Amino acid sequence: DGMMVIDARRRVVAMNPTLERWTGRRSDEVVGQSECGALLRCEDAQGCSLPQDAEACFGLQALRRHQPIPAAEYTIRTADGARLPVSASYTPMQLDRHGPVWMLVILRDRSAQQARERQLQHQAMTDALTGVLNRAALLEALEMELRRVSRYRRRLALALVDVDELKP
């Protein structure tokens, strides 16, 4: 897991070697800089950069509310430019009531989990023997087309053919 500690202004106070490896930056280069802009280059699912002051920023939410956020999902850019899906937990910490608020951020690599989810979805939507889409896939495609027809006020034609004993 990648880990770092950030202060109330969301500047990096410390980071572990895993996060150094992912980002390609040493902690002595990063300490004092913004967690998102300078270090993680956080992105949403479409690859758009997340603004550092946006309400959608999980770290900012946890700091403002002084409440942990157990699992926020987004993407970071690795040192080689690849996109890495991560699950991040944010835990506010305060040594004493009058002291500064810090945040422990733990980032978990989700790429293997996402690959497994894609594999399971493929298995659920295709016939294992033929590789042809199954009924569940057909129903999902029909739902999508019905939404599209409704949205664009179009007509839809559907033809179903039941072929038995198609073997040569």
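How many helices and strands does the secondary structure of the protein come to?

**Figure 1. Overview of the predicted model.** The secondary structure comprises six helices and five strands; helices (H or I, at least four residues) and strands (E, at least two) are DSSP runs, numbered from the N terminus. From the N terminus on, the order of elements is β-β-α-α-α-α-β-β-β-α-α. This is a predicted model, in which local features need pLDDT of at least 70 and side-chain atom pairs count only at pLDDT 80 or more, while totals for chains, interfaces and linings use all residues. Residues are numbered from 1 along each chain as its sequence is written, and side-chain values use heavy atoms, with hydrogens and water left out. Of the 168 residues, 31% count as buried, that is, under 20% relative accessible area with a 1.4 Å probe, protein chains only.

Figure 2. Five strands form an open sheet in the order 2-1-5-4-3, with antiparallel pairing; two strands pair if DSSP finds at least two bridges between them. Strand 2 (12-15) and strand 3 (69-77) stand at the edges with a single partner strand each, so one side of each has no neighbour in the sheet. From one strand to the next, the twist averages 30 degrees.

**Figure 3. The pairing of strand 3 with strand 4.** These two strands run antiparallel and are joined by seven bridges. Thr75 has Pro85 in strand 4 as its bridge partner.

Figure 4. Ser89 lies in strand 4 (residues 83-94). Is this residue buried or exposed? Ser89 counts as buried because its relative accessibility is 10%. Leaving aside neighbours within four places in sequence, Ser89 is in contact (heavy atoms within 4.5 Å) with Ile69, Pro70, Leu104, Val105, Ile106 and Arg108.

**Figure 5. The packing of helix 5 against helix 6.** Helix 5 (residues 111-125) and helix 6 (residues 135-152) pack at an angle of about 100 degrees, and their axes are 7 Å apart. Axes are lines fitted to C-alpha atoms, for helices over the stretch in contact, and angles run from 0 to 180 degrees between N-to-C directions. The two helices are therefore roughly perpendicular to each other, a term that covers angles of 65 to 115 degrees. Gln121, Ala124 and Met125 of helix 5 make the contact with Ala136, Ala137 and Glu140 of helix 6. The residues of this contact divide into four nonpolar, one polar and one charged; Ala and Met are among those that count as nonpolar, and Glu is among the charged.

Definitions and conventions
Parallel < 35°, antiparallel > 145°, perpendicular 65-115°, else oblique. Buried < 20%, exposed > 50% of the residue type's maximum accessible area, 1.4 Å probe, protein only.
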